[in-house]
Amino acid sequence: MTRHIFTSKYLASQVAGSCRIEGIRVSAREERTISDVIDGKVDAKALRRKLVAQFRASNAFQVVS
């Protein structure tokens with residue numbers, strides 16, 4: 001049986017492609033970040049916490065009507 005070894009770049013492109021099918025825009029930079037998470041270069045939990053904090057900060061200044 002043939003065993004396939006997929007690179008993190010390939011896997012990231014597959015994730016990005018699935019997102020695009022769902023209508024989610026994925027930039028080349030975001031695709032590289034996905035690849036870095038797969039490679040273990042970026043801690044996914046820390047990145048998520050950082051992004052949540054950024055969105056909370058940007059939404060804190062919006063007026064809710």
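**Where does A12 lie?**

Which helix does A12 lie in? A12 lies in helix α1; helices here are DSSP runs of H or I with at least four residues, numbered from the N terminus.

Before we look further, note that this is a predicted model, in which local features need pLDDT of at least 70 and side-chain atom pairs count only at pLDDT 80 or more, while totals for chains, interfaces and linings use all residues. Residues are numbered from 1 along each chain as its sequence is written, and side-chain values use heavy atoms, leaving out hydrogens and water.

Let's start with the length of α1, which covers residues 8–21. The expected span is 1.5 Å times one less than the number of residues. After α1 comes G23, which has a positive phi, near 90°.

Which residues of α1 are buried? They are S8, A12 and A16, where buried means under 20% relative accessible area, with a 1.4 Å probe and protein chains only. These residues cover an arc of only 70° around the axis, so they sit on the same side of α1. The arc is taken from the directions that run from the helix axis to the C-beta atoms.

**Meeting helix α2**

The partner of these buried residues is α2 (28–39), against which they pack. A12 touches E31, I34, S35 and I38, leaving aside residues up to four places away in sequence; contact means heavy atoms within 4.5 Å. Although A12 and S35 are 23 residues apart in sequence, their C-alpha atoms are 5.1 Å apart in space.

Helix α2 itself has 12 residues and reaches 17 Å from its first C-alpha to its last, close to the 16 Å expected. G40 follows α2, and its phi is positive, near 85°.

**The largest pocket**

The largest pocket is lined by 14 residues, and R29, E30, T33, L47 and L51 lie nearest its centre. A pocket is an open set of points on a 1 Å grid over the protein atoms alone, where a 1.4 Å probe fits, with protein on both sides within 12 Å along at least five of seven lines; lining residues have an atom within 4 Å of a point.

Which helices supply the lining? α1, α2 and α3 (44–60) each give at least two residues, and the largest share, five residues, comes from α2.

How values were computed: Buried < 20%, exposed > 50% of the residue type's maximum accessible area, 1.4 Å probe, protein only.
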